[in-house]
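Good morning, and thank you for coming. Please look at the sequence and the model on the screen while I speak.

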Amino acid sequence: MEKDIANFISEQENEINRLKMNIINWYNFKNAESILVCGNFNKNIISYLSEKFEKVFVQVEDIKKIYELNEIKTKANNIKIIDSAIDNLEVNEKFDYIFMLEYLEENKADDELKSIIFSKADCLKDSGKFLFVSKNKFGAKEILSKTYNGFSKERINNLFFECGFKYFNYFYLLPNIANVNVIFSDQYLPTKNDIRRNINLSFELNDLGIKENEYYNAILKNENADFKNSANAFFIEISKQEIDNSIKAVYYNNLRPKEYRLKTTIYEKYVEKEC
């Protein structure tokens with residue numbers, strides 16, 4: 001009995017970790033030499049990135065995460081752990097990407113947040129990108145639950161623009177950051193049919209989840225562009241140079257049995273399906 005319970009718990013943990021990987025395993029990295037990761041990552045994400053990059057630097061402020069990363073460092077010698085405070089980051093490296101996964105705290109003043117962005121930007125190559133992931137303060141879930149956590153598009157744009165970044169490429173995540181099931185973009189916004197086909201976009205089989213779907217259906221009655229300000233979360237490419245990304249949308253089908261799961265990536269000129 002105890003063994004069965006332990007196996008069940010292990011399977012659930014593996015499933016949670018698998019779903020969290022969806023936040024990054026769709027992205028096509030270019031010039032994948034070095035990346036700095038900071039924020040709410042797990043060891044599976046770092047392990048995945050270690051296969052994509054020559055060097056992976058991970059800023060850690062949680063001792064538990066240091067122990068977890070030390071486990072995978074035995075298999076991946078290109079991971080460097082940085083155990084330092086947010087304002088004392090010293091790295092003699094210029095990065096192709098800086099991955100901020102729920103890293104900035106929305107309760108901090110804009111001047112303090114810009115100081116953090118400036119300090120990170122000093123470590124970014126001229127052609128480099130921030131990959132910024134955050135809850136949307138005005139997403140359906142935040143509005144319906146009246147919590148208003150996260151950042152608005154306007155605040156994100158203003159913060160980075162005032163730090164010298166002019167180019168933004170938004171992707172819109174549903175149902176949330178922890179278990180992404182579908183990703184839309186400015187070039188591929190959802191229709192009512194998308195919500196209908198993915199009735200569990202909210203992923204939560206409860207009253208709030210049902211209301212989220214109803215909320216999106218109401219928005220899409222008007223114009224699908226309204227969805228841009230209502231998605232539950234953002235994944236944003238931010239750069240000082242123009243951004244070229246041919247991915248328009250990604251579907252994961254998380255609720256299907258494992259043997260029938262299929263990741264569908266929609267590009268500008270073709271569609272790719274992957275088991």
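I begin with tyrosine 172, which is buried because its relative accessible area is 0%, below the 20% limit for a buried residue. Please keep in mind that the model on the screen is a predicted one.

Which ring pairs with that of tyrosine 172? The partner is phenylalanine 234, and the pair is edge-to-face, with 6.1 Å from centre to centre and 75° between the planes. Tyrosine 172 belongs to strand E6, whereas phenylalanine 234 belongs to strand E8, residues 233–239, so this pair ties together parts that lie 62 residues apart in sequence. Phenylalanine 234 also counts as buried, because its relative accessibility is 0%.

Tyrosine 270 is partly exposed, because its value is 45%, which falls between the limits of 20% and 50%.

The structure holds 25 aromatic pairs. One aromatic cluster is formed by Tyr170, Tyr172, Phe184, Tyr215, Tyr216, Phe227, Phe234 and Tyr251.

Asparagine 169 counts as buried because its relative accessibility is 10%. What does its side chain meet in a polar contact? The side chain of asparagine 169 is joined to that of glutamate 237 by a polar contact of 2.7 Å. Leaving aside residues up to four places away in sequence, asparagine 169 touches Gln187, Phe235, Ile236, Glu237, Ile243 and Asn245.

I now turn to the chain in general. The chain has eight helices and eleven strands. Of its 275 residues, 48% are buried. Among contacts between residues at least 6 apart in sequence, 64% join residues at least 24 apart.

My last topic is empty space. Rolling a probe the size of a water molecule over the atoms shows where such space is left.

How much space lies in the largest pocket? The volume there is about 390 Å³. Its lining consists of 22 residues, and those nearest the centre are Gly39, Glu102, Tyr103, Leu104 and Glu105. Strand E1 (34–39), strand E2 (55–60) and strand E5 (124–135) are the elements that give two or more residues to this lining. The largest share, four residues, comes from E5. By type, the lining of the largest pocket divides into nine nonpolar, five polar and eight charged residues.

The second largest pocket has a volume of about 250 Å³. Its lining is made of Arg18, Met21, Asn22, Asn25, Tyr252, Asn254, Lys258, Arg261, Leu262, Lys263, Glu274 and Cys275. Four of the residues lining the second largest pocket are nonpolar, three are polar and five are charged.

Thank you for your attention.

Note on methods. Residues are numbered from 1 along each chain as its sequence is written. This is a predicted model: local features need pLDDT of at least 70, side-chain atom pairs count only at pLDDT 80 or more; totals for chains, interfaces and linings use all residues. Side-chain values use heavy atoms; hydrogens and water are left out. On a 1 Å grid over the protein atoms alone, a cavity is a set of points where a 1.4 Å probe fits but cannot get out, and a pocket is an open set with protein on both sides within 12 Å along at least five of seven lines; lining residues have an atom within 4 Å of a point. Grid points are joined across faces, edges and corners, and a volume is the space filled by probe spheres set on the points. Ala, Val, Leu, Ile, Met, Phe, Trp, Tyr, Cys and Pro count as nonpolar, Asp, Glu, Lys and Arg as charged, and the others, Gly among them, as polar. Buried means under 20% relative accessible area, exposed over 50%, partly exposed in between (1.4 Å probe, protein chains only). A polar contact is a pair of N or O atoms within 3.5 Å; within protein, one must be able to donate a hydrogen and the other to accept it, and residues adjacent in sequence count only if both atoms are side-chain atoms. Contact means heavy atoms within 4.5 Å. Rings of Phe, Tyr and Trp (its six-membered ring) pair if their centres lie within 6.5 Å; planes under 30 degrees apart count as stacked, over 60 as edge-to-face and the rest as tilted.
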